[in-house]
Amino acid sequence: MNIQYKAHPWHGISPGNHTPDIVTAFIEIVPSDTVKYEIDKETGYLKIDRPQKFSNTVPTLYGFIPQTYCADRVAEYAAIKSGKTVAKGDGDPLDICVLSERSVTHGDILLQAIPIGGFRLLDGGEADDKIIAVMKGDEFYRQWNDVSDCPESYINRLKHYFLTYKQLPSEKSSCEITNVYGREEAHEVIRRAMEDYQHHFIAE
C-alpha cells in the first residue's frame, strides 16, 4: 500500500514560484473564529492557542507564508526602518493578513495572495511584521496594488486588533506598530524572511 503523508504547512509547502509578487499563504484563522488557532510547529497540525479575548476577532484571513522565518535579517531591517533597537525576530514564520471579498468559513487551507504592504509590529521588542495582501483573483480587492490604495479604516482595524488582542484592560500593551509600509518594502521583508528560513533550517 502506498502511504502518503500530509506535508508540514511550514516546512513542506513552497512559498510559491513567483514570490514575493505572489505568495502561498497558509490560513490558520478566519474572522468568524472565536478562538485563536495556530500551527503546532512540531506536528504541523492546527492547535488552539487561546480563546479570543472579549469581542476582539481577527478582521481578515490570517496565517503565514511557508518557508519563512523572522530572525536576524528581518530584525535588522526592522531596526533600520524603525530607528529602534530590535534584538531579534519573534522566531515564527512571517505572518500574513489576506483581504477577501468572499467569506472563507474555516482555516487550515492554502491560497494564493498578492502582497500590497504591511506593518512593522514590535512585540516585546521583537520583530513581528504583518504582511497585508489581497487574495489572488478577488473581484473587489484586486484593484488594490499598494497599501496606499486601502482606506485608512481598513488599516486602523488591523492595527487595533494586533495592538489589543493579547491585552487585558489592566495590562500595558507589549506591542508597538512603528511603520505602515507599501508593496516594495513588503517584498523586502518577505525576501529577508525567506533568507532567514534558509539560514536557520536549510544551510549546513
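Author: Gladly! Let us begin with rings: those of Phe, Tyr and Trp (its six-membered ring) pair if their centres lie within 6.5 Å. In this predicted model, there are 14 aromatic pairs.

Reader: What makes the pair of Tyr69 and Phe201 edge-to-face?

Author: The centres of Tyr69 and Phe201 are 5.1 Å apart and the planes are at 80°. Planes over 60 degrees apart count as edge-to-face, and 80° makes this pair edge-to-face. The pair links distant parts of the chain, with Tyr69 in the loop between strand 4 and helix 1 and Phe201 in helix 3, 132 residues apart.

Reader: Why is Tyr69 called buried, and why is Phe201 called partly exposed?

Author: Buried means under 20% relative accessible area, so Tyr69, at 15%, counts as buried. Phe201 has 37%; partly exposed lies between the buried limit and the exposed one, which is over 50%, so Phe201 counts as partly exposed. Ring pairs also link Tyr69 and Phe201 with Trp10 and Tyr197 into a cluster.

Reader: How do you know that Tyr141 and Tyr154 are edge-to-face?

Author: Their ring centres are 6.1 Å apart and their planes are at 80°, so the pair is edge-to-face. Tyr141 sits in the loop between strand 8 and helix 2, and Tyr154 in helix 2, 13 residues away. Tyr141 counts as buried because its relative accessibility is 9%, whereas Tyr154 counts as partly exposed because its value is 27%.

Reader: How do you know that the span of helix 2 agrees with what it should be?

Author: Helix 2 covers residues 152-164, which is 13 residues. At 1.5 Å a residue, helix 2 should span 18 Å, and its end C-alpha atoms are 18 Å apart, so the two agree.

Reader: Which residues of helix 2 are buried, and what puts them on the same side?

Author: The buried ones are Ile155, Leu158, Tyr161 and Phe162. They cover an arc of only 125° around the axis, which puts them on the same side of helix 2. What covers them includes strand 1, strand 5 and strand 9. The face turned away from the buried side carries the exposed residues Glu152 and Arg157.

Reader: Why is Asp108 called partly exposed?

Author: Asp108 has 39% relative accessibility, so it counts as partly exposed. Asp108 is found in the loop between strand 5 and strand 6, and its phi is positive, near 65°, in a residue other than glycine.

Note on methods
Residues numbered from 1 in each chain as written. Predicted model: local features only at pLDDT ≥ 70, side-chain atom pairs only at ≥ 80, totals over all residues. Heavy atoms only, no water. Helix = DSSP H or I, 4+ residues; strand = E, 2+ residues; numbered from the N terminus. Expected span 1.5 Å × (residues − 1). Buried < 20%, exposed > 50% of the residue type's maximum accessible area, 1.4 Å probe, protein only. Arc of directions from axis to C-beta. Contact = heavy atoms within 4.5 Å. Phe/Tyr/Trp six-rings, centres within 6.5 Å; stacked < 30°, edge-to-face > 60°.
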